[in-house]
Amino acid sequence: MEKTWRWFGPKDKITLTMLRQIGVEGIVTALHDVPLGEVWTREQIRALREYIEAAGLRWSVVESLPVTETIKYGGPDRDAQIEIYKQSLRALAAEGIRTVCYNFMPVLDWARTDLLHPNTDGSSNLFFSYAEFAYFDIYILQRAGAREDWARTPTPSPTGEPRDILAEADALAKVMTPEREHQLVENIVIKTQGFVSGNFREDDEAPIEKFRQLLALYRGIDKAQLRANLRYFLEAIMPVCNECNINMCVHPDDPPIEILGLPRIVRTAEDIRWLLNAVPDPHNGLTFCAGSLSAGAYNDVTAMAREFAPRTHFIHLRSCQIFPNGDFTEASHLGGRADLIELCRIFMNEESARGLSPSSQSGASLLPFRVDHGRTMLGDEARGYNAGYSFLGRMFAMAQMQGVIATLEKVRSEK
Ligand code: DNO
């Protein structure tokens, strides 16, 4: 597997020189400065590619080439936006970049309620509390229908224990402080969306108002309609993907639940089966994000990796621990629900099945993986990194995964 790292461009505090020293081979990045909905030009792509190559690395994966909301909800300008998307794909392929990660989550990309949840060992992790998220929805967003939605939300508990999330949110409202409320908006919108989704910026002055406007776009869009819109998008871009040999890799919904009254359609094995069959072209593939999938108690991550490996073009190694009430945190890369050792074995077998082997020292042509988020540890918290994208925590996880892969390779060679 090719060892890659998500890097946020030349302004990232974690430099390419640092990444060379810790065994990174490929870079996962995007043109973070291009506004949502504009074409990525060949010149801009080339400049970034050359910057990466000058450091002795390669640009392996685009994460993300964002799909604008209009494509997701099927707005009047969606065809124009799809044309722009195709132009960007062509420009990427012309510069030799052929693995493209994207998501089809309406409005909100990933969601967490706590970004520095303390672990007993002194490090911290990202964390999701259903009650706090419901509080955000009901009391901060004040979304019409929110109370009814939470009242019917099935229990997220892995053992099926009943849970009254609505009552918990109401109880929270009684003890909520303005500071914690401010922090929730920062965590759910500003600090987690700002650097990944073009919808929100870190300096947004009225994020909640913007949020409400975005939600309004999805009135009347149910699961079937969102699926139809995803199929429409994929069918429209597949000819370009075929012509340019680009692999599209949809990122699963994170967390894999329906939130804020919005449909989410990449949550379960059934969803993924649907989307791969709906457009049965090998260029329509998956980012196998073990972290997102393992946050849903109903997802058997190992079985899903076995089933979907043939259509997986990019892998996120991360593992969640679900608490008895359903809240979850991001576990160590050797703990939690996702068996990352088994997953590495499955994806390495997939490489063999495809006849992939490293075409150079850099691991190019193998299946790219990145460690996704890591713990915040040993001073990471003071360095102003993007939420979840620590240096030491991710480096630690990367070292663990490098060890796992090297061990599996040795075992295989001895057989
Ligand atoms: C969060 C990431 C996501 C992911 C996008 C892909 O840390 O995993 O933001 O990059 O959903 O489009």
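This is a predicted model: local features need pLDDT of at least 70, side-chain atom pairs count only at pLDDT 80 or more; totals for chains, interfaces and linings use all residues.
Me: Which residues come nearest to the ligand?
Reply: There are 15 residues around the ligand, and the ones that come nearest are Glu63, Ser64, Asp109, His373 and Tyr389.

Me: Which strand gives the most to the shell?
Reply: That is strand β4, which spans residues 99-103 and gives three residues to the shell around the ligand.

Me: How far is the side chain of Tyr389 from an oxygen atom of the ligand?
Reply: An N or O atom in the side chain of Tyr389 is 2.6 Å from an oxygen atom of the ligand. For the side chain of Asn103, the distance from an N or O atom to a ligand oxygen is 2.9 Å, and for the side chain of Arg6 it is 3.2 Å.

Me: How much of the ligand's accessible area does the protein cover?
Reply: The ligand has 330 Å² of accessible area on its own, and the protein covers 100% of it.

Me: Switching to helices, how is a packed pair described in general?
Reply: Two packed helices are described by the angle between their axes together with the distance between those axes.

Me: OK, at what angle do α13 and α14 cross?
Reply: Helix α13 (residues 301-308) and helix α14 (residues 340-353) have axes that come within 10 Å and cross at roughly 5 degrees. Because angles under 35 degrees count as roughly parallel, α13 and α14 are roughly parallel to each other.

Me: Which residues meet there?
Reply: On the α13 side they are Val301, Thr302, Ala305 and Arg306, and they meet Glu342, Leu343, Ile346 and Phe347 in α14. The residues of this contact of α13 with α14 divide into five nonpolar, one polar and two charged.

Me: What about α11 and α13, at what angle do they pack?
Reply: Helix α11, residues 269-278, packs with α13 at an angle of about 10 degrees, and their axes are 11 Å apart. The helices α11 and α13 are therefore roughly parallel to each other. From α11 the contact uses Ala269, Ile272, Arg273 and Leu276, while α13 brings Met304, Glu307 and Phe308. The residues in the contact of α11 with α13 comprise five nonpolar, no polar and two charged.

Me: New topic: is the peptide bond between Glu63 and Ser64 cis or trans?
Reply: The bond that joins Glu63 and Ser64 is cis, with omega about -10 degrees, and Ser64 is placed in the loop between β3 (58-63) and α3 (69-73). The bond from Asp254 to Pro255 is also cis, with omega near -5 degrees, and Pro255 lies in the loop between β7 (247-251) and α11.

Me: Is the phi of Gln142 positive or negative?
Reply: Gln142 has a positive phi, near 55 degrees, although this residue is not a glycine, and its place is in the loop between α5 (130-140) and α6 (146-152). For background, most residues other than glycine have a negative phi, and most peptide bonds are trans.

Terms used. Residues are numbered from 1 along each chain as its sequence is written. Side-chain values use heavy atoms; hydrogens and water are left out. A residue is near a molecule or strand if one of its heavy atoms lies within 4 Å of it. A polar contact is a pair of N or O atoms within 3.5 Å; within protein, one must be able to donate a hydrogen and the other to accept it, and residues adjacent in sequence count only if both atoms are side-chain atoms. Accessible areas come from the Shrake-Rupley method with a 1.4 Å probe; for residues, only the protein chains shown count as cover. Helices (H or I, at least four residues) and strands (E, at least two) are DSSP runs, numbered from the N terminus. Axes are lines fitted to C-alpha atoms, for helices over the stretch in contact, and angles run from 0 to 180 degrees between N-to-C directions. Angles under 35 degrees count as roughly parallel, over 145 as roughly antiparallel, 65 to 115 as roughly perpendicular and the rest as oblique. Contact means heavy atoms within 4.5 Å. Ala, Val, Leu, Ile, Met, Phe, Trp, Tyr, Cys and Pro count as nonpolar, Asp, Glu, Lys and Arg as charged, and the others, Gly among them, as polar.
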